[in-house]
Amino acid sequence: MKTHQAGLFEEPGRSSQYLEYQFRSASDAELRQALSQAVKPVDGANILVAFNQASWQRLGPGWSPEGLHDFTAQYSARGHVMPASQRDMFIWVVGEDRGDVMNAVVQVTEALSDIADLELDLDGYKTRDARILTGFVDGTGNPGTAEKKRAAALIPEGQPGEGGSFVLGQKWTHKLQEFLSLSVNAQENVIGRTKETNIELEGTALPPESHVGRTDIDVNDVPMKMYRRGTPYGGGEDKGLYFLAFACDMDRFVNVINSMLGKDDGITDAMMDYSDALTGSYWFMPSQDDLDAMLAG
Ligand code: HEM
């Protein structure tokens, strides 16, 4: 099995920078040269890189992982929109110390400034108890063991792209005042977990329209597990969550998003009444081996 990029499973990752790039018209050699500089190891931070279908096809070895496609705008029957903002390349800088992360961000942005436009530049942070801005703990439903995380996040051995991942990135802004003005009980019914004690609502207590109700799903007896590493972002005004998830199979994203949008049964995810998606992109994060081979041309 090829090796995934360093840092993918290193938790908690208290500080992140999410960088989405659009290539300018540079030659393939110039892109590779700039990227090689951008991703050089930095103390205390990891720099992970992923590509959309067209840019992997352009720079990669001529194959793509099965099912890789761009994100297109998605709509629910009740008027929710998940807009598409598909960009060429995603860089996730992550570490525990903000200073280390910023050193890496400077390296990346300087190296890429002549060949690509920075279209999204978002800082993320994780609180000590992993609570997001709504006050709920995020990440509990992630696969529990290292082995299960790998199984959910990495393309299996023998398949094109093995050791890499499919990636979904979405910036969501919270309508925090509206959400927090609900009673705690109503907030818990939106999410599907208790707020203070972080316990999943079980059985008939779990509303079908709750976020957990829409996302904890099986398709053909296969649990649609993914590995989520997104965090809160923002300041006094715009604030929300950068949703970042890794999957072994593109269908996991497609199926969970369809469920959130009520594509099969018309039941939409109540969470979307209190947060708006502002961006959406799919990428392929190659294994370290495939990334090295691509950078070597
Ligand atoms: C504003 C956006 C979002 C917020 C605030 C949010 C928040 C949460 C929270 C609080 C939980 C429960 C705790 C946990 O298990 O981690 C959760 C679970 C989950 N979310 Fe989200 N989420 C958002 C968007 C999304 C999106 C876009 C997807 C998928 C495309 C998604 C997929 C999941 C999954 C798979 C679970 C775990 C369900 C389980 O197996 O228990 N979330 N989310």
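**Strand 2 (45–51) and helix 9 (288–295) each supply at least two residues to the lining of the second largest pocket.** Helices (H or I, at least four residues) and strands (E, at least two) are DSSP runs, numbered from the N terminus. This is a predicted model: local features need pLDDT of at least 70 and side-chain atom pairs pLDDT 80 or more, while totals for chains, interfaces and linings use all residues. Residues are numbered from 1 along each chain as its sequence is written, and side-chain values use heavy atoms, leaving out hydrogens and water. The lining of this second largest pocket includes Gln-5, Ala-6, Val-39, Lys-40, Pro-41 and Val-42. Ala-45, Asn-46, Ile-47, Gln-288 and Leu-291 also line the second largest pocket. Strand 2 gives the most to this lining, with three residues. By class, the lining has seven nonpolar, three polar and one charged residues. (Nonpolar: Ala, Val, Leu, Ile, Met, Phe, Trp, Tyr, Cys, Pro; charged: Asp, Glu, Lys, Arg; polar: the others, Gly among them.) The volume of the second largest pocket is about 160 Å³.

**The ligand takes up the space of the largest pocket.** (More than half of its atoms lie within 2 Å of the pocket's grid points.) The volume of the largest pocket is about 1000 Å³. (Volume: space filled by probe spheres set on grid points, which are joined across faces, edges and corners.) The largest pocket has 46 lining residues. Nearest its centre lie Asp-138, Gly-139, His-211, Arg-228 and Phe-243. Strand 7, helix 6 (184–191), helix 7, strand 12 and helix 8 each give at least two residues to the lining of the largest pocket. That lining has 25 nonpolar, 12 polar and nine charged residues. Pockets and cavities come from a 1 Å grid over the protein atoms alone: a 1.4 Å probe fits in a cavity but cannot get out, a pocket is open with protein on both sides within 12 Å along at least five of seven lines, and lining residues have an atom within 4 Å of a point.

**The shell around the ligand holds 26 residues.** (Near: a heavy atom within 4 Å.) Gly-139, Gly-141, His-211, Lys-225 and Arg-228 come nearest to the ligand. This shell divides into 13 nonpolar, eight polar and five charged residues. Its largest share, four residues, comes from strand 7. Lys-225 has a polar side-chain atom 3.0 Å from an oxygen atom of the ligand. The elements giving two or more residues to the shell are strand 7 (165–174), helix 7 (211–215), strand 12 (239–247) and helix 8 (250–260). At Thr-140, a polar backbone atom is 3.1 Å from a ligand oxygen atom. (Polar contact: N or O atoms within 3.5 Å; within protein, one able to donate a hydrogen and the other to accept it, with sequence neighbours counted only for side-chain pairs.)

**His-211 is the single protein donor to the iron atom of the ligand.** His-211 NE2 lies 2.0 Å from the iron atom. (Donors: N, O and S within 2.8 Å of the metal, 3.2 Å for Na, K and Ca; water is not among the atoms, so sites may look incomplete.) A polar side-chain atom of His-211 is also 2.8 Å from a nitrogen atom of the ligand. His-211 belongs to helix 7.

**The structure holds one cavity of 30 Å³ or more.** The volume of the largest cavity is about 40 Å³. Tyr-125, Lys-126, Thr-127, Ala-130, Arg-131 and Ile-132 are among its lining residues. Asp-138, Gly-230, Thr-231 and Pro-232 also line the largest cavity. By class, this lining divides into four nonpolar, three polar and three charged residues.

**The peptide bond from Glu-11 to Pro-12 is cis.** Omega for this bond is near 10°. Pro-12 sits in the segment before strand 1 (15–23).

**Asn-198 has a positive phi although it is not a glycine.** The phi of Asn-198 is about 55°. Asn-198 lies in the loop between helix 6 and helix 7.
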